Amino acid sequence: MRVKIPSNENYKGKVMKTDIQIASEATMLPISQIAAKLDITDDELELYGKYKAKINDEFLERMSNKPNGKLILVTAINPTPAGEGKTTTSVGLGMAMSKIGKKAIIALREPSLGPVFGVKGGAAGGGYAQVVPMDDINLHFTGDFHAITAANNLLCAIIDNHLQQGNELGIDQRRILFPRVTDTNDRALRNITVGLGAKVDGIPRQDHFMITVASEIMAILCLAESLTDLKQRLGNILVAYTYDNKPVYCRDLNANGAMAVLLKDAIKPNLVQTLENTPALIHGGPFANIAHGCNSVRATKLALKLADYAITEAGFGADLGAEKFLDIKCRKAGLAPSAVVLVATVRALKYNGGIAKDKLAEENLEALRAGSVNLEAHIDNLTKYGLPVVVAINRFGTDTEAELDIIRDICEAKGVDFALSEVFAKGGEGGIDLAHKVVAACEKKSEFKFMYEDDMSIKEKIEAIAKNIYGADGVKYDAAALKTIAEIEALDPKFSKFPICVAKTQYSLSDDPAKLGRPSGFTLTVREIKLSAGAEFIVVLTGAIMTMPGLPKKPAAYSIDIDDAGNITGLF
């Protein structure tokens, strides 16, 4: 198998095994032994093979009165082609916590097949800081995403069947809001026509697909507190409007019960382990650039009951994932982090300073200083929430002491702690300093607050995020967006109290992916608004963000293969 240089190798010239090689050589414990560490009995586990399991509702109920541990959020600067290593840092931090004698658990999102076979690759950590079995986790895992896809598309089938069977509700086929989904990147499905053919083949209409992780069903599953809550939220999905402009909800089509049946197992958190046998819950997986970017509330709340330190992450940069974790997930679930870890790399900051990807290994203090404004922006944003921050530099072998000193000085000037992370190459041992800094941060005073209040108007909430987090001068609304805002406000007063979920490029603080660093003097353009009445937030689409990604010219799928013995290669 071809080997690669690890992205954050801490000494030059060493060739390391690929992630999947390392994972395949791991000494995993039977998942029942991992569960036993957490006081989970065999009867409270639902096994999916030897090394992964779901945790049943009886155990969740048994843990309900147990005190919570400390919640630690791991986020990052804006992603770049140089890589930041947020999931790797999350996994490594959990393992390092165990090494310093702390009882810790990790709570992550499930990977989507879109990135796995597209550009990004897998999402189970990297190097010697991975969750395993990584091939299962990156592929079908326990079938949660397939269940979400099936539930979503069942509702779509019921909508079209309702039209075919006489349309008793008077649904306007031009105003059906709920799209089909699939968990692969497929640009050809962005705009489609359904119902073509003979009369018995359905009512012709325009439709489209989104990727499964952008589905409102995914968001609902990740925010639901129970099966009862799940079914109610599914019933609240706004699916269409009638010819006389009345809303049609999923419950009006009597679809939410059957959808909940498809999701009855998917709502249960999944238990796996790290390479060093630290427990990990991996459950749910909405993208942060087009959805709310956090693992399930159930898994996070369970993690807080199972350990003294629960380490979770939010997708992409802090302007997306962390903002949504704090303003949506924490608001809805009553959570409050004790500390935030902000992951960055020297290379990524130099990229933000205008250096080409092939020159990032060279020392360039001027570019680093210029690009560090992105790090400073995220530090400033996180401290606005009243939370202690630790900056974790995911170290590369080419990082020089002079470069690291610049980042240390920036952190000191900002009043936040700084630690190097070498977990990719060293596993938990490479995160011990970071673990100590995070434990200390958790003991600091936290004055957690939201970026906006529930009773602010929809536009006021959008502008609070745009100005205070992105650094925009203001917000411009396309006519269609303004019309939808007016419709939402007229539909039900409670909808205006929902939090905001901005769909925006992950590559920039602005809505323009080309504006790196810390952009200023720009206006955020809102082109479309969508009400997710079941998830209980309002989606705000900006820029050219796509809810159905496409494959690149040479997708990762070309490099993924399996031999006659069942050994997978090329999976990151």
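Me: Which are the buried residues of helix α9 (residues 227-235)?

Reply: Buried means under 20% relative accessible area with a 1.4 Å probe, protein chains only, and helices are DSSP runs of H or I with at least four residues, numbered from the N terminus. In helix α9 the buried ones are D229, L230, R233, L234 and G235. Keep in mind that this is a predicted model, where local features need pLDDT of at least 70 and side-chain atom pairs count only at pLDDT 80 or more, while totals for chains, interfaces and linings use all residues. Residues are numbered from 1 along each chain as its sequence is written, and side-chain values use heavy atoms, leaving out hydrogens and water.

Me: What covers the buried residues of α9?

Reply: Look for contacts, meaning heavy atoms within 4.5 Å. The cover includes α8 (216-223), β13 (247-249) and α10 (256-262); strands such as β13 are DSSP runs of E, at least two residues.

Me: How far from K324 is the nearest side chain of opposite charge?

Reply: A salt bridge puts a side-chain nitrogen of Lys or Arg within 4 Å of a carboxyl oxygen of Asp or Glu. K324 is buried but has no salt bridge, and E323, the nearest side chain of opposite charge, is 6.0 Å away. K324 sits in helix α12 (residues 318-333). Leaving aside residues up to four places away in sequence, K324 touches several others, including A288, H292, C501 and V502.

Me: Which helix gives the most to the lining of the largest cavity?

Reply: Rolling a water-sized probe over the atoms shows where empty space is left. Here that's helix α7 (residues 144-164), with 3 residues.

Terms used: Buried < 20%, exposed > 50% of the residue type's maximum accessible area, 1.4 Å probe, protein only. Lys, Arg positive; Asp, Glu negative; His and termini not counted.
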